[in-house]
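Welcome! Let us walk through this structure together, one feature at a time.

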Amino acid sequence: MVNLSLLILLCVSFLCDFVAWACFSVGSRSLRSYNQRIKVPIIGLAGSTASPEDPSPKAKQDELIRELSSNFSYKGRMGQVEGSMEEEEEYRCGFVSLIGAPNMGKSTLLNAILGEDLCVATARPQTTRHAILGVLTSPTCQLCFTDTPGVIATPAYKLQEGMMEAVQGAVRSADVLLVVTDPYATPIPSDALFARVRQSFQPTIVVINKIDLAKDPSSSAAAAAPPFKEGGDKQKEQSSGKSFSVAEMVDMWRQLIPGAIAIIPACASKGSEDPGVTALRTLLQGGPDVPAALRDLGRPIPGMFLSGVQFPSNEDARRLIPESTPLYDEDTLTDRSE
């Protein structure tokens with residue numbers, strides 16, 4: 001009886017295996033026949049389907065982007081850059097913070113860069129009491145400038161403490177720092193903030209403003225000017241009230257901030273067409289011709305640029321501002337209501 005049961009089980013198992021093999025064989029032949037009739041596309045390594053006649057995925061992507069760009073719009077939308085997605089990703093947007101001692105002409109400089117009277121500029125120190133945003137937009141770049149209150153070494157009351165907090169915040173959020181000074185070698189009054197700027201990995205540009213007040217380098221007083229000495233009490237060393245020549249100023253600030261991308265003399269009170277303002281604007285925007293704009297400043301002064309660099313190139317300048325989509329509409333001048 002046991003042998004008969006075992007035999008029945010073996011027969012059933014063999015029958016099941018035969019049925020499974022027959023189904024698999026018939027299904028495979030049917031699938032091959034079906035694939036030949038409909039010409040199934042080639043399966044790529046990544047699992048995507050494509051045939052030799054189909055356009056590349058990149059071409060399809062660009063076509064879809066152009067179609068969406070032409071049909072999809074809303075108020076305040078930035079105009080799209082013509083071309084492929086790779087070209088659109090090259091748009092740059094970043095924050096540039098202006099810092100320096102009071103009455104260095106930071107607000108005047110920002111107005112000149114923007115070509116608009118955005119900030120109140122007076123001869124009275126501490127006219128700017130909070131951070132002010134100014135936006136400069138071009139087809140390839142959007143620069144978000146932050147004009148900050150003048151740096152105070154020791155805030156005396158709550159308002160000044162709030163002003164210095166605004167400065168600290170602008171320094172933290174900046175992609176590029178603009179240190180604004182004058183021909184009197186006025187340093188950043190706060191040693192802690194100055195040390196932070198000097199040790200920062202953020203690209204830094206020094207702007208020597210008000211060069212119309214600079215000392216004539218050919219005068220006898222220029223030869224008698226004491227050389228700059230690093231270390232010690234920097235504010236006492238440089239607060240004598242004497243005017244220095246532009247060359248002396250460049251040398252001083254090159255020693256103070258050795259990693260500065262550029263040290264640019266300017267006269268912001270002359271407006272947006274001042275050669276120094278134009279050179280600074282072109283450098284930050286990354287073109288159209290950075291070396292030409294810097295050559296318009298005249299013969300390069302030793303120390304104006306990093307060691308071994310005659311003039312920063314367009315590529316060097318474009319690396320200052322990170323690639324990013326614009327944050328504001330192209331007609332926006334500031335984030336504050338009028």
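## Cysteines without partners

A search of the whole structure finds zero disulfides, where a disulfide is a pair of cysteine sulfur atoms within 2.5 Å. In general, a disulfide is a covalent bond between the sulfur atoms of two cysteines. Cys141 is in no disulfide, and the nearest cysteine sulfur belongs to Cys93, 7.3 Å away. Cys141 is buried at 1% relative accessibility, and Cys267 is buried with a relative accessible area of 2%. Here, buried means under 20% relative accessible area, exposed means over 50%, and partly exposed is in between (1.4 Å probe, protein chains only).

## How to read the model

This is a predicted model, in which local features need pLDDT of at least 70 and side-chain atom pairs count only at pLDDT 80 or more, while totals for chains, interfaces and linings use all residues. Residues are numbered from 1 along each chain as its sequence is written, and side-chain values use heavy atoms, with hydrogens and water left out.

Let us turn to the strands. Helices (H or I, at least four residues) and strands (E, at least two) are DSSP runs, numbered from the N terminus. Strand β4 covers residues 132-137, and five of its six residues are buried. Its partner is strand β5, residues 141-147: the two pair in the antiparallel sense over six bridges. Two strands count as paired if DSSP finds at least two bridges between them.

What joins β4 to β5? A hairpin does, through three residues. Across the pairing, Val135 stands opposite Cys144 in β5.

## A covered helix

Helix α4 (residues 106-114) is mostly covered, with eight of its nine residues buried. The buried residues are Lys106, Ser107, Leu109, Leu110, Asn111, Ala112, Ile113 and Leu114. What covers them? The cover includes β3 (92-99), β4, β5, β6 (176-181), β7 (204-208) and α10 (275-285). Contact here means heavy atoms within 4.5 Å. Just after α4, Gly115 takes a positive phi of about 75°.

Val171 is found in helix α5. Is Val171 buried or exposed? At 2% relative accessibility, Val171 counts as buried. Leaving out residues up to four places away in sequence, Val171 touches Ser97, Ile99, Leu177, Leu193, Arg196 and Gln202. Val171 and Thr146 are 25 residues apart in sequence, and their C-alpha atoms are 9.4 Å apart in space.

## Charged pairs

How many salt bridges are there? The count comes to three, a salt bridge being a side-chain nitrogen of Lys or Arg within 4 Å of a carboxyl oxygen of Asp or Glu. One of them joins Lys158 and Glu161, at 3.7 Å from N to O. These two residues are three places apart in helix α5 (residues 158-173), so they are separated by about one helical turn. An α-helix has 3.6 residues a turn, so residues three or four places apart point the same way. Lys158 is exposed, with a relative accessible area of 68%, whereas Glu161 is partly exposed at 34%.

A salt bridge also links Arg318 and Glu315, at 3.9 Å from N to O. Arg318 and Glu315 are three residues apart in helix α12 (residues 314-318), separated by about one helical turn. Arg318 is partly exposed, with a relative accessible area of 36%, and Glu315 is partly exposed at 46%. Arg319 and Asp316 form a salt bridge as well, at 2.4 Å from N to O. Arg319 counts as exposed at 61% relative accessibility, while Asp316 is partly exposed at 32%.

## A charge over a ring

The charged end of Arg295 sits over the ring of Phe311, 5.8 Å from its centre. The rule asks for NZ of Lys or CZ of Arg within 6 Å of the ring centre and within 35 degrees of the ring normal.

## Backbone details in the loops

Where is the cis peptide bond? It runs from Gly287 to Pro288, with omega near 15°. Pro288 lies in the loop between α10 and α11 (290-295).

Asn103 has a positive phi of about 65° although it is not a glycine. Asn103 is in the loop between β3 and α4 and is partly exposed, with a relative accessible area of 33%. Lys210, also not a glycine, has a positive phi of about 60°. Lys210 sits in the loop between β7 and α7 (220-224) and is partly exposed, with a relative accessible area of 22%.
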